Amino acid sequence: RAELNNHQPFVIENGAAIYLPANYFKQVPSDVLESDGYLVKEFVEGRDHWQSILQRQKSPPNDAFITFQEAGIKKIAEMTGLNHDQASLASERRYGEPLKWLGSEQEFDIFKKSIEQEGGKLLKGGRFVHLSGYCDKGLALRWLMDMYQSSNIERNCVSIGLGDSENDMAMLEAADYGILIKSPSHQFPAASDNIYKTQALGPKGWVEGVTNIIKKLGIKLDNKG
């Protein structure tokens, strides 16, 4: 985001919180917090809360998973393929704890039930499992779209969601137009028929999906498009 010089509102950690630049919207709800020049809408408890829950888990054995906190920056870099600086940024979670699952599916089912009894939620991404509260990208998208729409009453605000894994599905279903980008590492997750599935992978799939929606909306592309 910093490299792109993007100063728009942004959602973090699977919908756990939304950051609004100060003075971006004329009116904001009273339950937002101020942090580092942003107004923050929180949907779940902080990272410490979820780390304490993991520490209390007795089943499955602790060697069935490794958390980002336990892994450290060097191990995170190995697991993700990121360089040291990128892995350091990836480790800076605020509202949840990512973990690499090493156990069996049966152990995971037991673990999931135990976490849910503690008020937590496990969400499988492409490579990691994320522990946090009951939030998702769809809830965050709807909240942010309500902010945009209430600030632009004379316009019809349209949302386009893009993702490639199970933890993106709530967002894609909530968006006016959802796009599933083909992944080289896993199959498409189950999705409704109105979700567009790309044939191309990665960035080319992103371009394919967005171009398809732009044409549906009747927006003309320039010669480069």
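How exposed is arginine 93, in terms of relative accessible area? Arginine 93 is partly exposed, at 22%; buried means under 20% relative accessible area, exposed over 50%, and partly exposed in between (1.4 Å probe, protein chains only).

This is a predicted model, in which local features need pLDDT of at least 70, side-chain atom pairs count only at pLDDT 80 or more, and totals for chains, interfaces and linings use all residues. Residues are numbered from 1 along each chain as its sequence is written, and side-chain values use heavy atoms, with hydrogens and water left out.

**View 1. The whole protein, with seven helices and eleven strands.** Helices (H or I, at least four residues) and strands (E, at least two) are DSSP runs, numbered from the N terminus. The radius of gyration, taken over C-alpha atoms, is 19 Å, close to the 17 Å that the globule rule gives for 225 residues, so the protein is as compact as a globular protein of that length. The globule rule is 2.2 Å times the number of residues to the power 0.38. Along the principal axes, the C-alpha atoms fill a box of roughly 55 × 45 × 35 Å. Of the 225 residues, 40% count as buried.

**View 2. The salt bridge between glutamate 13 and arginine 93.** The structure holds eight salt bridges, each a side-chain nitrogen of Lys or Arg within 4 Å of a carboxyl oxygen of Asp or Glu. In this one the N to O distance is 3.9 Å. The two residues are 80 apart and link distant parts of the chain: glutamate 13 lies in the loop between β1 (10-12) and β2 (17-21), and arginine 93 in the loop between α3 (84-90) and β6 (97-101). Glutamate 13 counts as buried, at 15% relative accessibility.

**View 3. The salt bridge between lysine 75 and glutamate 78.** The N to O distance is 3.8 Å. Both residues belong to helix α2 (residues 68-80), and because they are three residues apart there, about one helical turn separates them. Lysine 75 is partly exposed, at 35% relative accessibility, while glutamate 78 is exposed, at 52%.

**View 4. The salt bridge between aspartate 168 and lysine 137.** Here the N to O distance is 2.5 Å. Aspartate 168 sits in the loop between β9 (160-163) and α6 (169-174), and lysine 137 in helix α5 (residues 137-151); the pair is 31 residues apart and links distant parts of the chain. Aspartate 168 is buried, with a relative accessible area of 6%.
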